[in-house]
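I opened a new notebook page for this structure. My entries follow in the order I looked things up.

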Amino acid sequence: MTNEKSTALVARTKMESFLATMKPRIAKVLPKHLTPERMGQIVMVEASRNPKLAECTVPSLAAAVMLASELGLEPSGPLGKFYLIPRNLKVKGTNRKEMTCTPLIGYKGLAQLARNSGEIARLNASVVFKDEIDSGAFTATIEPPDILHKFTPVPINRHPDEIALAYATAEMKDGSKAQVILTRSEVEDRRSRSSSGDF
């Protein structure tokens, strides 16, 4: 138990030192709605949730935190906007591995960036369950793009295995519309090719 506490203390001290060094750089790129102190606190909380972050190389952690700062996305897993993912990756040209912090923008982060662009009037993303398709609660057309996803009081099996497809729609400020619909197999195929497939 004492060894675990000393390891945790070393990790915390390393993260605090890292963030103190990074604070001036973070401050230069953060948008006005975030402060360097808040970003530092969020990173510390994430490191307490996932101690492997403290094992990541400083350059990879710095790059990930700077990207989150530039984008104005809080790297807090529960918010689903931006993730700091520690991975034990092989160093190019060698046989050794090192813990590397990999940034991942979540779909909520992508939605926020789209809204921040000033081009989007409306944005929506959701999953559709098999029962919703069977009951007619979900319909879609390709040209012109139009998705109708109605609430239904009929009991819907919302188990993750029952997800049939996922979609995203956007209406631009000029009135044009865009949509993407992916079947469950298309989602799984993309997921299997991603280095974050299990995340």
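Entry 1: I began at Tyr167, which stands opposite Ile181 in β7. Strands β6 and β7 (residues 177–183) pair in the antiparallel sense over 7 bridges. I count two strands as paired if DSSP finds at least two bridges between them. Their hairpin has 4 residues between the strands, and there Gly175 takes a positive phi near 95°.

**Entry 2: ground rules.** I noted that this is a predicted model, where local features need pLDDT of at least 70 and side-chain atom pairs count only at pLDDT 80 or more, while totals for chains, interfaces and linings use all residues. Residues are numbered from 1 along each chain as its sequence is written, and side-chain values use heavy atoms, with hydrogens and water left out.

**Entry 3: the other side of β6.** I then looked up β3 (residues 120–129). Strand β3 runs antiparallel to β6 (residues 163–172), and 9 bridges join them. Leu123 stands opposite Ala170 in β6.

**Entry 4: the whole chain.** I listed 6 helices and 7 strands. Here helices are DSSP runs of H or I with at least four residues, strands are runs of E with at least two, and both are numbered from the N terminus. From the N terminus on, the order is α-α-α-β-β-α-β-α-β-β-β-β-α. The radius of gyration is 21 Å, well over the 16 Å that the globule rule gives for 199 residues, so the chain is more spread out than a compact globule. That radius is taken over C-alpha atoms, and the rule is 2.2 Å times the number of residues to the power 0.38. The C-alpha trace spans about 60 × 40 × 40 Å along its principal axes.

**Entry 5: burial.** What share of the 199 residues counts as buried? I found 33%. Buried means under 20% relative accessible area, exposed over 50%, and partly exposed in between, with a 1.4 Å probe and protein chains only.

**Entry 6: Ile26.** I picked Ile26 in helix α1 (residues 2–29). Ile26 counts as buried because its relative accessibility is 2%. Leaving aside neighbours within four places in sequence, Ile26 is in contact with Pro36, Met39, Val65, Met66 and Ser69. Contact means heavy atoms within 4.5 Å. I also checked Thr102: Ile26 and Thr102 are 76 residues apart in sequence and 18 Å apart in space, C-alpha to C-alpha.

**Entry 7: β1 and β2.** Strands β1 (residues 82–90) and β2 (residues 97–105) pair in the antiparallel sense over 9 bridges. Asn88 has Met99 as its bridge partner in β2. The hairpin has 6 residues between the strands, and Gly93 takes a positive phi near 80° there. Val91 lies in the loop between β1 and β2. Is Val91 buried or exposed? Val91 is buried, with a relative accessible area of 18%. Not counting residues up to four places away in sequence, Val91 touches Arg96, Lys97 and Glu98.

**Entry 8: a cis bond.** Which peptide bond is cis? I found the one from Glu143 to Pro144, with omega near -10°. Most peptide bonds are trans. Pro144 lies in the loop between β4 (138–141) and β5 (146–149). Strands β4 and β5 form a hairpin with 4 residues between them. They pair in the antiparallel sense over 4 bridges. Thr141 stands opposite Asp146 in β5.
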